Amino acid sequence: MGILDSKVPAGPLADKWTDYKNHIELVNPANKRNIDIIVVGTGLAGGAAAATLAELGYNVKTFCYQDSPRRAHSIAAQGGINAAKNYQGDGDSNYRLFYDTVKGGDYRSREANVYRLAEVSGNIIDQCVAQGVPFAREYGGLLDNRSFGGVLVSRTFYAKGQTGQQLLLGAYSAMNRQINRGKIQSHNRHEMMDLVKIDGKARGIIARNLVTGEIERHSAHAVVLATGGYGNVFFLSTNAMGSNVMAAWRAHRRGAFMANPCFTQIHPTCIPVSGDHQSKLTLMSESLRNDGRIWVPARLEDAQAIREGKLKPTQLAEAERDYYLERRYPAFGNLVPRDVASRAAKERCDAGFGVNKTGEAVYLDFAAAIERYGNEKALTSGIKNADKNTVTKLGKDIVEAKYGNLFQMYEKIVDENPYETPMMIYPAVHYTMGGLWVDYNLQTTVEGCYAAGEANFSDHGANRLGASALMQGLADGYFVLPYTIGDYLSNDIRTGEISTESPEFESAENEVKERIQKLISSKGEHSVDYYHKKLGKIMWNQCGMSRNAKDLQNAIDEISALRTDFWANVKVPGTADGLNQELEKAGRVADFLELGELFAKDALTRNESCGGHFREEYQTPEGEALRDDENFKFVSAWEYKGEPKDAVLHKEELVYENIELKTRSYK
Amino acid sequence: MKLNLKIWRQQDAKSKGKMTDYAISGVEGDMSFLEMLDVLNEQLINKGDEPVVFDHDCREGICGSCSLMINGEPHGPDRMVTTCQLHMRKFSDGDTIVIEPFRAKAFPVIKDLMVDRSSFDRIQQAGGYVSVNTSGNTQDANSIPIEKDNADDAFYAAACIGCGACVAACKNASAMLFTSAKVSQYALLPQGQVEATERVQNMVRQMDLEGFGNCTNTGACEIECPKGISLENIARLNREYYSANLKG
């Protein structure tokens, strides 16, 4: 077992969580008033945890770098949230959601955690409806569902293309209720700079007030990190500009193991990069793959003519197009999971079939859907022998009703009308399945330090299914942490308030100040973005959608050299004693420069292909991922030992008692 | 494209600010407005100057962070977009663009183009929620059917991103559109009924305390709102408010 104890309760899978809840220690309401909990990050996981813990009676302090908890990046999730409600009666169940999630994750997640997730999923929907979250409904007044990639049932609840926004505002409203009661102190425009440990336990954080520049000490009996993922290590991603790894990385440096850092999700349907000025990438919801067909020209010369602007996609006849997902994966077609769809797009573009100026784009075409919907509508409207124009018009109206906001967004960005000409899309970094290692209680390897939501690693294995991130964030925050933290804090009822005057706080604060001083006094020649973009290029080219040993070794060397250069030559204007956005970025990029190297090292040691991690050396003759369950059926958890190259690997063997490991096939 | 920028620079909340001129070249139509400012900032940093501070985060029009007054309009000349989604193809070579922060007594400037919108949070804290515990021990989500039109209208109201464009556009710096969006969301749903009286009274009281102005039905807020929040919500808030006061 090594030093990693997953603390998964004994007993049958379906009873574990109930048994666990029946046997944990509780804290009485009077004692909860004497216990403080810090929650860093106010997205779905952090916001939900803060609200529920405060409601239970604990004193909660929240921290977010944004100006309001409502702006956390959970807000940008578009498509939906899964729950095994089986409202559609299409055969869904907790077990099926559990099974789909483990299979979708390519058998690299922990069974017990995923089952618990499936088990509480239905409650999330009940909870959110009670809070007034306006989910989409049918004319009968009941909740509507849609379908997402990698599954064969309709279990996704949604609120147009703004599901994340509505769920986050629900959590934010629950937080507001507790702020109003004085049970949550909300520290906005604050960034966690370090984790403070006393006698081996997490007992507080050092935070920087981003407006005044003040360095503050905050103590608590437990610390929850719900700080999201680290996709911005790639510079270009669908993450918010401020999304960063600092809180998780600072905890890692204090002893929290980092698990599976190389498991990154590259989302297949994003708007392609248009130029060097690009600051971020925009996602087009996976729901578009319900109706859009993905293709590239079948002939190289046609692809070239399109790139040169001599040919238009609409001029190509059916036979001249290659609907490569439908060709390769007839069973799931355009709705294969994200990792499979992304790799297939890259394969076609690498082979020279890309369709935009840079050669890195494929088509997502709605012409067939418009025609199909148009014909249906013509029939149901009693129009016989409708001409082509009428059918197209009717079809467009239906597509607009379903995806109008996404089409409008595309048109604003690309300046092309997606009703007339196929959309161009390309994969982009979207989500990180890896994160801080946690046990069944969501506790990291630092006692009293918990990680929730995207910041932990536990539920999605090597690939996350669509509409599962929102489910996991809210499950962790509303329904899991409140129990597991209570069990831990039952030992702390006599501890009393934690003083911030201890030597541990003193030295952590000094280290933070020294680091800031070093950054601000380094009057080098290059901006922070210069380094961030360089790091992003290394990551994308050598640790991106497909990886090989040679590139990964190169990446390790290059990132290490870039980090040295950064500390010697970065230029941070202004001062540290006030608002300074360049200084904020500098601290975040400094941590990405360490994480990036560990990421490459993790990818290099995992000699198999699974989920989002595709090693060119390990593939089937047809180019599909070749997993190695005999040697790699484990979670890689890295212990910090100074430089990333010195990090020590610990393995948590994954045990599958309820699912038979199979080759993942969507053919 | 070459552009002349006139940008509000202000060191901090206490300092006096002023408009400063910048020339920028090499701007492409495919750039977003904020990417154009990134290019300017990169130039300023390379010269050793302090970059222009502005709020931004998701850059896909949903977080509500970005908040620029561009040529006198919140989020600039395009409709139904936030500043981060505004593209430079809406401008022409040689244009002069005036960039200011959202201005209101209740939105004090923090630095340059960044303002403090915590007054919005306090309005929400005064009553923008349903008092239900997050234990999950609620009834089944489908036990109360909700008429689709009401559910849809509640959604359209709830789509507010809290950017503050409505306040910046209003000659009275009123927060009525913002406040009414939240009041409407709950007023349209059965879950919001129980606390309806207190909610609207508390939220309106907080809105006044923060120093936002009154609504005189000018309608600029609706036109400038990047999410198309309708004036109907203000009518609904007034109805809710009067009936709450009649109930006492």
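With 10 C-beta neighbours inside 10 Å, A:Asp387 counts as exposed. The burial classes rest on C-beta atoms placed from the backbone: a residue is buried with 20 or more other C-beta atoms within 10 Å of its own, exposed with 12 or fewer, and partly exposed in between. A:Asp387 sits in the loop that lies between α11 (367-380) and α12 (388-414) of chain A. In sequence A:Asp387 and A:Val446 are 59 residues apart, and their C-alpha atoms are 68 Å apart in space.

This is a predicted model, in which local features need pLDDT of at least 70 and side-chain atom pairs count only at pLDDT 80 or more, while totals for chains, interfaces and linings use all residues. Residues are numbered from 1 along each chain as its sequence is written, and chains are lettered from A and ligands numbered from 1 in the order in which they are written.

**Sheets of chain A**

An open sheet of 5 strands in chain A has the order β11-β15-β14-β12-β13, with antiparallel pairing. Strands (E, at least two residues) and helices (H or I, at least four) are DSSP runs numbered from the N terminus, and two strands pair if DSSP finds at least two bridges between them. The edge strands of this sheet are β11 and β13 (321-322) of chain A, each of which pairs on one side only.

Although β11(A) is an edge strand, 7 of the 7 residues of β11(A) (residues 264-270) are buried, so β11(A) is largely enclosed by the rest of the structure. For β12(A), 4 of the 5 residues are buried, so this strand too is largely enclosed by the rest of the structure.

A second open sheet of chain A has 3 strands in the order β6-β7-β8, again with antiparallel pairing. Its edge strands are β6 (190-198) and β8 (215-219) of chain A, each pairing on one side only. The twist averages 25° from one strand to the next.

| Strand pair (chain A) | Bridges | Sense |
|---|---|---|
| β11 (residues 264-270) and β15 (residues 423-432) | 5 bridges | antiparallel |
| β12 (residues 293-297) and β13 | 2 bridges | antiparallel |
| β12 and β14 (residues 362-365) | 3 bridges | antiparallel |
| β7 (residues 201-209) and β8 | 5 bridges | antiparallel |

A:His267 has A:Ala428 in β15(A) as its bridge partner. Opposite A:Pro297 stands A:Arg321 in β13(A), and opposite A:Ile294 stands A:Leu364 in β14(A).

**Nonpolar core**

A nonpolar core is a set of buried Ala, Val, Leu, Ile, Met, Phe, Trp, Tyr and Cys residues joined through C-beta atoms within 7 Å. The largest one has 289 residues, and those with the most contacts inside it are A:Ile37, A:Val224, A:Leu225, A:Val362, A:Leu436 and B:Val167. Helix α17 (residues 581-605) of chain A supplies the largest share of this core, 12 residues.

Two residues are in contact if their C-beta atoms, placed from the backbone, lie within 7 Å. Leaving aside neighbours within four places in sequence, the contacts of A:Leu436 include A:Leu225, A:Ala248, A:Met258, A:Thr444, A:Asn456 and A:Phe457.

Chain B has 8 helices and 7 strands, and its C-alpha trace spans about 60 × 35 × 35 Å along its principal axes. Of the 248 residues in chain B, 54% are buried. Among contacts in chain B with a separation of 6 or more, 71% come from residues 24 or more positions apart.

The contact between the chains takes 65 residues from chain B and 65 residues from chain A. On the side of chain B that touches chain A, at least two residues each come from α1 (33-47), β6 (109-111), α2 (118-125), α3 (148-158) and α5 of chain B. The most come from α1(B), with 7 residues. By class, this side of chain B has 25 nonpolar, 21 polar and 19 charged residues. Here Ala, Val, Leu, Ile, Met, Phe, Trp, Tyr, Cys and Pro count as nonpolar, Asp, Glu, Lys and Arg as charged, and the others, Gly among them, as polar.

Methods. Axes are lines fitted to C-alpha atoms, for helices over the stretch in contact, and angles run from 0 to 180 degrees between N-to-C directions.
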